[in-house]
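Welcome, and thanks for taking a look at this one. Please have the sequence and the structure open side by side as you read.

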Amino acid sequence: MRTLLLLLMLIAPAALAQPASSPTSSEPEARRLEPAVPELPTLDEVMHRVLAHAPRLQMQQALVEKNRDLVRTTGLEWLDAVEVNLGSTYGADGTVVPGALVVDPHRASLRAGVSLRVSLFDVFGRSSRRGAFEHELDVARHAHANAEMEVRREVVGRYEQLKLTRRLVEVRAEGWRAADLHRTMAETAFAQGDLPVSELARVTEIAARAHEAFETARTEYLIAFGQLNVMMGR
C-alpha cells in the first residue's frame, strides 16, 4: 500500500504538468474529450452581432423610420393647400361706323394674372400634425436608445457569466483529468496485486464523481453558449 501511494505521489504531479498533446488511445478520457468545449468569441464580436440581430432594436428602428417619414411627408403637405388660379383678358378700343366696326390696333390690350390662395386652417393644421409626428419621432429615438442600452447590459452580463462557466469547466476538467489518471494507475496496481479491491472501488468512485461534475459544468456552458449564439443570429 505504501508503495502504491509513493508511486502516485511521484507520477501524478509529473503527468499533470505535461503539456497538452494530440489525442491518442493511451491518454485519459478527460483529455480526449476536452476539445468538445467550444471557444468563447470576443465581447466585441458578440456585441456587434447581437446589436445587428436584436428583434427589440429592429422594431424600435422601424418606428423611428416610420415617424421620420411622417415628419418629412407632413412638411410637404403645404403644397396641397395652395390653390393657383390663372386668368387672362383681352380688350381693344374701336369705332362703330355704319355697317362696320373699326378696331384701332394701337389701343388693344392683353391682361394675364396668377392668384394664389392658401387656407390658414390647413397651414396651422399641418403645423400641428408635424409637431405631433416630431414628438413621436423623439419618443421613438429615446425608446431605441433605451432598448440598445438594455441589450448591451444583457450581453455583457451573459458574456461575463459565460466566462465564469467556462472557467468552471476548465477547473472540472483538471479535476477529472487527475482523478482519471489516478484511476488508471489504480487499475494497473490492482492488476499487479498491489491494491485491494476496496481501494480500487474508492478511486473509481472519485473519478466517476469528477466526470459527473465536468459533464454538468460542460452542459451548463453549452446551454448558455447556445443561447448566446441565438442572440447573435447564428
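## Confidence first

Within the protein chain, helix H1 (residues 2-17) has the lowest confidence, at a mean of 40, while H6 has the highest, at 93. Confidence here is pLDDT, the predictor's own score for each residue, from 0 to 100. Helices are DSSP runs of H or I with at least four residues, numbered from the N terminus. The mean pLDDT of the protein chain is 74, and 62% of its residues reach 70 or more.

Over residues 1-26, pLDDT stays under 50, and for this stretch the model has 22 contacts beyond four places in sequence. A contact means heavy atoms within 4.5 Å. Where pLDDT is low, the predicted coordinates should not be read in detail.

## Ground rules

This is a predicted model, in which local features need pLDDT of at least 70 and side-chain atom pairs count only at pLDDT 80 or more, whereas totals for chains, interfaces and linings use all residues. Residues are numbered from 1 along each chain as its sequence is written, and side-chain values use heavy atoms, with hydrogens and water left out.

## The largest nonpolar core

The largest nonpolar core has 25 residues, and Leu-40, Val-46, Val-50, Val-155 and Tyr-221 have the most contacts inside it. Such a core is a set of buried Ala, Val, Leu, Ile, Met, Phe, Trp, Tyr and Cys residues joined through side-chain atoms within 4.5 Å. Buried means under 20% relative accessible area, with exposed over 50% and partly exposed in between (1.4 Å probe, protein chains only). Helix H3 (43-53), helix H5 (120-191) and helix H6 (197-231) each supply at least two residues of this core. Its largest share, nine residues, comes from H5.

Which residues does Val-46 touch, leaving aside its neighbours within four places in sequence? Val-46 is in contact with Pro-41, Val-155, Tyr-159, Leu-228 and Met-232.

Ala-186 has its place in helix H5 and is buried, with a relative accessible area of 4%. Setting aside neighbours within four places in sequence, Ala-186 is in contact with Leu-195, Leu-200 and Val-203. Ala-186 and Arg-202 are 16 residues apart in sequence and 9.9 Å apart in space, C-alpha to C-alpha.

## A buried histidine

His-144 is also found in helix H5, and its 17% relative accessibility is why it counts as buried. Not counting residues up to four places away in sequence, His-144 touches Leu-57, Gln-60, Gln-61 and Val-64. With Gln-61, the side chain of His-144 makes a polar contact of 3.4 Å. That term covers a pair of N or O atoms within 3.5 Å; within protein, one must be able to donate a hydrogen and the other to accept it, and residues adjacent in sequence count only if both atoms are side-chain atoms.

## Two aromatic pairs

The structure holds two aromatic pairs. The ring centres of Trp-176 and Phe-214 are 5.0 Å apart and their planes lie at 35°, so this pair is tilted. Trp-176 in helix H5 and Phe-214 in helix H6 are 38 residues apart, and the pair links distant parts of the chain. Both Trp-176 and Phe-214 are buried.

The rings of Tyr-221 and Phe-225 have centres 5.8 Å apart and planes at 25°, so they are stacked. Rings of Phe, Tyr and Trp (its six-membered ring) pair if their centres lie within 6.5 Å; planes under 30 degrees apart count as stacked, over 60 as edge-to-face and the rest as tilted. Tyr-221 and Phe-225 both lie in helix H6, four residues apart, about one turn of the helix. Tyr-221 is buried at a relative accessible area of 0%, and Phe-225 is buried at 12%.
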